[in-house]
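This report describes the fold of one protein chain. Please read it alongside the sequence and the three-dimensional view shown here.

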Amino acid sequence: MAEYRLYCFGESGHAYKAALMLQLCKLDWEPVFVDFFNGETRSPEYRANVNEMGEAPVLVHHGKFYTQSGVILDYLAEAARKFGPKSDGERREILRWTLFDNHKLTASLASLRYLLQFAKTGETPVTEFLRGRAMNALKITEGHLAKQDFVAGKRATIADLSMCGYLYYGDELGVALEGFPNLHNWLDRIRAMPGWKHPYDLMPRAYRG
Ligand SMILES: N[C@@H](CCC(=O)N[C@@H](CS)C(=O)NCC(=O)O)C(=O)O
C-alpha cells in the first residue's frame with residue numbers, strides 16, 4: 001500500500017488540488033476511488049468512516065484522515081517541504097488566496113460546472129448567478145497575476161495548486177476563459193512543472209453519463 005492514500009475522483013477539482021500536490025512532490029500515493037455520482041459521499045458509512053463532512057478529497061497518512069483541500073495542501077507542504085510558506089508574510093498571503101479561492105473562485109466554478117455538465121440543468125437563474133460570481137473571481141485573479149508570476153509571489157506555492165484546481169477542465173466549466181491572458185500564462189507555468197498531469201490522468205473518473 002502506498003504511503004499516502006487520497007479519496008478522490010477525476011471530476012473533482014477539489015481532489016485535483018491534493019492529487020497534483022502529491023504528484024508534483026513525487027510522494028508515494030495512490031487514489032482511493034470515490035463513487036461520487038452514485039452518492040458515496042452522502043452515505044452514512046462514508047460520513048462515519050471517512051469524512052463527517054461528506055466530501056472528497058480525504059487524505060490518509062499514517063492512519064490519520066485529513067479533510068478540506070486547504071488543510072491537505074498545508075499538511076503536504078510541511079511533509080514534503082515544498083510549495084509551503086517561507087515566512088510569516090508568505091504564510092498569510094497563501095492563506096488569503098486559499099480562502100478567496102475556496103469561497104469565491106472554486107466555489108462558483110465547481111457549482112456551475114456541476115449543474116451544467118453533470119446535473120444537466122441547462123441555463124437557469126442559478127447558473128447565471130454562479131457564472132457572474134465566477135467571472136468576477138476570475139477578473140480579480142487576472143488582475144492579480146498581472147503583477148506577479150504566481151499567486152503568492154515569484155514562486156509556486158500551495159495557493160497556486162488550490163486556485164488552479166478547476167481551471168484545466170476547459171469547456172466543461174461553462175465560462176469562457178478567453179480574455180484572461182495572465183491566467184492562461186499562469187496555467188501554462190504550472191502545466192510546465194515536472195510531473196504535471198491533467199486531473200483525468202491522475203484520478204479515476206466517476207461520471208458515466
Ligand atoms: N471545501 C472542500 C470542498 C470539497 C467538495 O465540495 N468536494 C465535493 C466533490 S468535488 C464533494 O465531495 N461534495 C459532496 C457534497 O457536497 O455533497 C475542500 O476544499 O476540500
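## Contact between the domains

In this predicted model, 15 residues of domain 1 are in contact with 14 residues of domain 2; a contact means that the C-beta atoms of two residues, placed from the backbone, lie within 7 Å. On the side of domain 1 that touches domain 2, α1 and α3 each supply at least two residues. The largest share of that side, six residues, comes from α1. By class, the side of domain 1 that touches domain 2 has eight nonpolar, five polar and two charged residues. Here Ala, Val, Leu, Ile, Met, Phe, Trp, Tyr, Cys and Pro count as nonpolar, Asp, Glu, Lys and Arg as charged, and the others, Gly among them, as polar.

Domain 1 covers 4–82 + 196–202, and domain 2 covers 88–191; the bounds come from an automatic or database domain assignment. Between the C-alpha centres of domain 1 and domain 2 the distance is 19 Å.

## Basis of the model

Residues are numbered from 1 along each chain as its sequence is written. The model is predicted, and local features need pLDDT of at least 70, side-chain atom pairs count only at pLDDT 80 or more, while totals for chains, interfaces and linings use all residues.

## The four-stranded sheet

Four strands form an open sheet in the order β2-β1-β3-β4, with mixed pairing. Two strands pair if DSSP finds at least two bridges between them; helices (H or I, at least four residues) and strands (E, at least two) are DSSP runs, numbered from the N terminus. The edges are held by β2 (29–33) and β4 (64–67), each with a single partner strand, so one side of each is left without a neighbour in the sheet. On average, neighbouring strands of this sheet are turned by 25° against each other, direction ignored. Axes are lines fitted to C-alpha atoms, for helices over the stretch in contact, and angles run from 0 to 180 degrees between N-to-C directions.

Strand β1 pairs with β3 in the antiparallel sense over four bridges, and L6 has L59 in β3 as its bridge partner. L59 also has a bridge partner in β4, namely Y66. Strands β3 (residues 58–61) and β4 run antiparallel and are joined by four bridges, with V60 standing opposite F65 in β4. The hairpin of β3 and β4 has two residues between the strands, and H62 there takes a positive phi near 50°.

## Helices on the sheet

Helix α1 (residues 13–24) packs on the sheet and touches β1 (4–8), β2 and β3; the direction of α1 makes about 155° with that of β1. Helix α3 (residues 69–80) lies across β3 and β4, running at about 125° to β4.

The angle between α1 and α3 is about 10°, and their axes are 9 Å apart. The two helices α1 and α3 are therefore roughly parallel to each other; angles under 35 degrees count as roughly parallel, over 145 as roughly antiparallel, 65 to 115 as roughly perpendicular and the rest as oblique. From α1, the contact is made by H14, K17, A18, M21 and L22, and from α3 by S69, I72, L73 and L76. Its classes are six nonpolar, two polar and one charged residues.

## Helix packing in α5 and α7

Helix α5 (residues 125–145) and helix α7 (residues 181–191) pack at about 70°, with axes 8 Å apart. This makes α5 roughly perpendicular to α7. L138, T141, E142 and L145 in α5 meet N182, L183 and W186 in α7. The residues of this contact comprise four nonpolar, two polar and one charged.

## The ligand shell

Which residues are around the ligand? They are S12, H14, T41, R42, G54, E55, A56, P57, Q68, S69, N102 and A110; a residue belongs here if its C-beta atom, placed from the backbone, lies within 6 Å of the molecule. By class, the shell has three nonpolar, seven polar and two charged residues.

## Backbone exceptions

Most residues other than glycine have a negative phi, and most peptide bonds are trans. A56 and P57 are joined by a cis peptide bond, with omega about 10°. P57 sits in the loop between α2 (44–49) and β3. K26 is not a glycine, yet has a positive phi of about 55°; K26 lies in the loop between α1 and β2.
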